[in-house]
Amino acid sequence: MNDKIFKDFPQIKSDYIYFDTAATSLKPQSVIDAVNMYNQELSANIHRGMYDNSVRTTSLYEEAREIVAKFINAGVDEVVFTRGTTSSLNLVAFSYGLNHLDENSEIIISEQEHHSQFLPWQEVAKKTSAKLKFIELDKSGKITVEAFKKVLNKNTKVVAINYVSNVLGYINPIKEITRLAHEIGAIVVLDAAQAIQHITIDVLDLDVDFLAFSGHKMLGPTGVGILYGKELYLENLEPFEFGGDMNEDVEKTLSTWKSYPQKFEAGTMPIAGVLGLAEAVKYLENLGLKNIENYTKKLYDYFFKELSKIKGIKIYNPNSDTGIITFNLDNVPAHDAISYYAEKNIALRSGQHCAKLIHDYLGIHSSLRVSVYFYNRIEEVNKFLEVTKEAIDYFQKIGF
Amino acid sequence: MSNLDNLYREIIMEHYKNPRNKGLLADDRYKTIRIKNPSCGDDITIQTLVEEGIVKDVRQIATGCSISVASASVLSEIMIGKPLKEALDLAENFLNMVSNKAFDESLDLEEAEVFNGVKQFPARIKCASIAWVAFKDTLKKE
């Protein structure tokens, strides 16, 4: 990556190291400008006003849909704007799950799941008496096709899993899992929140039925996300939220809805966020996901190799695919260790990262997580390694 | 000297390594409250026995960071033998102290005063507070 790229991100400062992209990415100036432009110049609603600013806003909003659709190779009407991955997955769980599952149904899920995928389906299972079936993870925490086959059967109705785990960073074999799920007529609901910023996603090639991701993990603003759904499903799916703009005709006794995707976009949407997200996609496309992947991989490989050499550390996800290293300092609870890094102005994550089940699987209460991306540099990694050695010495000295 | 030395005082480390009044009792006379912090994995349970307006006993079990574990231990030690009203005032005062709010400095927090440094680390206020919130809740169950 050349120096120009670092200048695109006003959050990057020489005395601050940001290794928490898996929580939320930094935002380039072009995204910030788009959000500001909407608020300063337009500040109009969509699909409603007949005046210039409203017409212009509507057209930018719908253009953004086209940009996102092209980015994942979807049809433009298959792209629903939501408030984030969590909203997207709740929509599928409650609109599809509640109406299609019963006590004979099984939902395949895994201990890798972020709570945004796990909890909606746990709720649906509770309400419909459907069963949750967990894919047995292998000893490194990975989902294998073999393990998936063991829980797949004729009662499986939904496979709700992640593309990339937010704790382990492994890419799951989604294409093969989807093929097998479809053979028995189950749908696949994919959480792509940790994949979309790292690897090219082609929904036609993957063939998943629903796919969810957030804007803010892929250089976009917070408060906006995407639900992709195959036309066939979106057409028959009931709305999850009801209100303004999503209806076609409202009567005292019975009302009707617009077609998809509009029927899923009730109320005033995060318009500034949508316009910002379009710029984020353009930024990623300009840079090229392949270039991002190559750069991140190289930086990660160096990071992992050097961190592994330090005595007094346990890494839980060797050879991660997407720049995530999850680890602990020996005998130091993650929340104690994080305070040392915070003092040095290094941002990383500590805790359970909204994924408690994988921590139970690993047999730990909490962990530290660094995640690197294309705007991180080798100098930052070196500084981190140095601080980590200091931290180990410090905590040993005071008695941990 | 690291800024963190204000947080990791010797007494805190000592309690972290040797927590007092550790282990719960299966005794119906005790009121029990468990609080888990889902974001960090802290898991703290406090049991109190109150008789004739006096906190007769406090038991605790805590997993988590050094601050949360030590805080539960220190709490259990200073609360045993305190009249109910005083115990509540102390807990309130402690919670105000660690969250950098106004607190009554004339009240003697005893060993719990070592948590005074927590207020410089806003991210750690919760760690220090959990046991004390749970303790207050056990008294509310009276």
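Biologist: What makes strand 2 and strand 3 of chain B a hairpin, and which residue in the turn has a positive phi?

Modeller: This is a predicted model, by the way. Two residues lie between strand 2 and strand 3 of chain B, and B:Glu52 in that turn has a positive phi of about 50°.

Biologist: How do you know that strand 2 and strand 3 of chain B pair?

Modeller: Strands count as paired when DSSP finds at least two bridges between them. Strand 2 and strand 3 (residues 54–63) of chain B have nine, in the antiparallel sense, so they pass. One of the links joins B:Glu51 to B:Ile54 in strand 3.

Biologist: And what about strand 1 and strand 2 of chain B, how do they pair?

Modeller: They're antiparallel too, over seven bridges. B:Lys36 has B:Asp43 of strand 2 as its bridge partner. That hairpin has four residues between the strands, and B:Gly41 takes a positive phi near 95°.

Biologist: Why is strand 2 of chain B called largely enclosed?

Modeller: Buried means under 20% relative accessible area. Nine of the 10 residues of strand 2 (residues 42–51) are buried, so the rest of the structure largely encloses this strand.

Biologist: Over to chain A. Which residues have the most contacts inside the largest nonpolar core?

Modeller: A:Phe81, A:Ile201, A:Leu211, A:Phe374 and A:Tyr375, in a core of 79 residues. Helix 10 (residues 271–287) of chain A gives the most to this core, 11 residues. Both domain 1 and domain 2 of chain A supply at least three residues each.

Biologist: What is A:Phe81 in contact with, leaving aside neighbours within four places in sequence?

Modeller: Its partners include A:Tyr61, A:Val68, A:Ile226, A:Met269 and A:Leu277.

Key: Residues numbered from 1 in each chain as written. Chains lettered and ligands numbered in written order. Predicted model: local features only at pLDDT ≥ 70, side-chain atom pairs only at ≥ 80, totals over all residues. Heavy atoms only, no water. Buried < 20%, exposed > 50% of the residue type's maximum accessible area, 1.4 Å probe, protein only. Core = buried A, V, L, I, M, F, W, Y, C linked by side-chain atoms within 4.5 Å. Domains from an automatic or database assignment. Contact = heavy atoms within 4.5 Å.
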